[in-house]
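Please read them with the structure open beside the text.

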Amino acid sequence: MRLLPTGPRSAVHRPAPGAGPGTGPDAASERRARRSGRSVRSGRPSRTALRPLIALGLGLGLLGVPVAAPAGGATHSAGADSPRSNAAHAAHTADTADVPAGVTAGIAVFDRRTGEFTERREADRRFRSASVVKLLLVLDVLWDRAPSALPAEERARLEAMLRHSDDQAASHYWAQRGGSRIIERMVPRLGLTGTVPPPSTHPGYWGYTALTAADTVRIYRHLLEEAPAAVRDFVLGHLHRATRCAGDGFDQYFGIASAFDKPWALKQGWSGFTSGGCTAGASPARTRGPHPGRDGRAAPETRSEPDAGHRPEGRPSDPPVVDLVSEALHTTGTVGPDDRTIVAVLTLHPDGTPYGTAYSRLTRLAGSLDVPGAERPAGTWFGTWGSGVRVRAAATTGSDVVTTLPAGVEVLVACQQRGQRVEVPPYSNDWWAYLPQYGGYLTNIYVDTPGNTLPDVPECRQAR
């Protein structure tokens with residue numbers, strides 16, 4: 001059932017993305033040092049000051065929401081993450097990219113209707129591709145055949161790689177089709193200028209392929225403008241149906257998917273993070289450093305933690321091409337009716353940045369761009385706190401779990417309503433926030449703002 005606000009929506013400030021470190025006792029001193037002195041309403045103690053007292057109750061499984069300190073515990077600088085409302089996204093000029101301090105970004109936004117770039121910043125800078133390279137793996141498989149010519153098992157494998165960003169499928173094709181030779185074939189086919197295979201020190205790591213934002217736009221233009229219709233429809237069709245939860249438990253709806261309303265198509269990439277697990281009940285997915293899965297290891301014999309100085313016998317060391325240490329998070333795809341605009345935003349974050357922090361920063365960066373044809377979602381952004389916090393199908397802890405939020409991620413709130421009272425000592429609150437991008441509810445206790453209700457957020461009502 002769709003929910004609508006009962007009154008006019010006011011533009012309000014957007015708290016800093018990723019606000020709120022974990023609540024475990026081992027993180028208490030670090031939290032106080034970073035976030036002391038926050039103002040509160042109604043004279044009650046701030047949530048930040050009291051969070052260490054909550055850990056015990058949560059540890060006993062209250063609400064079924066385990067809470068722990070997210071990895072890294074990084075916070076945002078005031079200059080990079082100044083408060084901003086969704087209304088501020090309405091006006092754009094050339095090169096409006098809001099790149100947070102400490103983040104390295106390569107950006108290319110191409111309007112297919114006009115044939116012009118609306119944003120182009122460090123577009124030829126190389127980044128390790130993470131799962132964005134799966135676009136090249138799919139195109140290599142389909143270069144000389146139609147999807148209908150493939151066995152059903154192969155079509156299902158390609159679908160999983162495109163929609164769920166399945167790593168086993170990518171590793172299968174990397175091993176079966178020659179590894180780096182795939183990249184060497186696709187570069188001249190598509191006229192790519194900045195794409196190179198993984199370094200010789202990491203030959204089995206498909207996610208270490210070097211890629212640029214400009215080349216990513218070229219890949220999508222080939223799909224949309226040059227590929228056979230059957231290939232275009234197969235690939236873009238699955239990218240339009242990309243799932244929120246990837247096969248490894250990461251929430252992949254950052255960037256394009258959070259900043260813009262549908263229609264959009266997605267191929268995301270991430271490397272070096274630890275996730276709280278997108279699917280309810282899933283164990284945390286860990287991809288710290290060179291590791292099978294999100295860092296793109298294909299061969300079982302490849303070491304999961306290779307020595308940075310190791311190289312195969314008799315082969316020279318490659319010159320450094322891309323940063324293999326900093327956390328990488330990329331959002332790529334199309335936005336708008338008829339896939340009007342191609343968006344490629346590749347980013348690196350300081351080593352140790354929590355996933356929820358990078359998720360929120362990249363979403364804000366994507367939302368700051370000039371993207372013709374895009375519609376931005378209505379609502380107000382708020383930070384959250386805690387790890388393992390669940391979104392529910394209704395405003396009650398007994399309802400189904402929709403998903404688990406990345407720790408400290410920002411959420412868009414459309415409206416709020418009363419529901420089941422939640423007790424997390426010393427807090428007691430019966431107000432719940434409706435999150436339209438999740439289609440579910442979050443108790444206001446875990447929204448990082450003082451007070452039981454959210455400022456300037458209207459009350460929900462059922463659509464008639």
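This is a predicted model: local features need pLDDT of at least 70, side-chain atom pairs count only at pLDDT 80 or more; totals for chains, interfaces and linings use all residues.

1. Two strands are taken to pair if DSSP finds at least two bridges between them.

2. As to overall content, the protein has 10 helices and 16 strands, and of its 464 residues 57% count as buried. Among contacts with a separation of 6 or more, 72% are between residues 24 or more positions apart. The accessible surface comes to about 18,200 Å², and carbon and sulfur atoms account for 49% of that area.

3. The pair β7 and β8 belongs to an open sheet of 5 strands, which follow the order β3-β2-β8-β7-β6 with antiparallel pairing. Because β3 (116-121) and β6 (264-271) stand at the edges and have a single partner strand each, one side of each is left without a neighbour in the sheet. From one strand to the next, the twist averages 5°.

4. Trp270 and Ala328 are 58 residues apart in sequence, yet their C-alpha atoms are 5.4 Å apart in space.

5. Helix α8 (residues 229-240) lies across β6 and β7, and the helix runs at about 75° to β6. A separate helix, α10 (residues 355-367), is mostly covered, since 13 of its 13 residues are buried. The length of α10 can also be checked: at 1.5 Å a residue its 13 residues should span 18 Å, and the end C-alpha atoms are 18 Å apart, which agrees.

6. How many disulfides does a search of the whole structure find? The search finds 2, and when the bonded cysteines are numbered in sequence order the pairing is 1-2, 3-4. One of these disulfides joins Cys245 to Cys278, with an S to S distance of 2.1 Å. This pair links distant parts of the chain, 33 residues apart, with Cys245 in the loop between α8 and α9 (256-259) and Cys278 in the loop between β6 and β7. The torsion about the S-S bond of Cys245 and Cys278 is about -70°, so this disulfide is left-handed. As for cover, Cys245 counts as partly exposed at 22% relative accessibility, whereas Cys278 is buried, with a relative accessible area of 1%.

7. The other disulfide is formed by Cys415 and Cys460, whose sulfur atoms are 2.0 Å apart. Cys415 lies in strand β13 (residues 415-424) and Cys460 in strand β16 (residues 460-462), so the pair ties together parts that are 45 residues apart in sequence. For Cys415 and Cys460 the torsion about the S-S bond is about 100°, and the disulfide is therefore right-handed. Both of these cysteines, Cys415 and Cys460, are buried.

Conventions. Residues are numbered from 1 along each chain as its sequence is written. Side-chain values use heavy atoms; hydrogens and water are left out. Helices (H or I, at least four residues) and strands (E, at least two) are DSSP runs, numbered from the N terminus. Axes are lines fitted to C-alpha atoms, for helices over the stretch in contact, and angles run from 0 to 180 degrees between N-to-C directions. Contact means heavy atoms within 4.5 Å. A disulfide is a pair of cysteine sulfur atoms within 2.5 Å. Buried means under 20% relative accessible area, exposed over 50%, partly exposed in between (1.4 Å probe, protein chains only). Accessible areas come from the Shrake-Rupley method with a 1.4 Å probe; for residues, only the protein chains shown count as cover. The expected span of a helix is 1.5 Å times one less than its number of residues.
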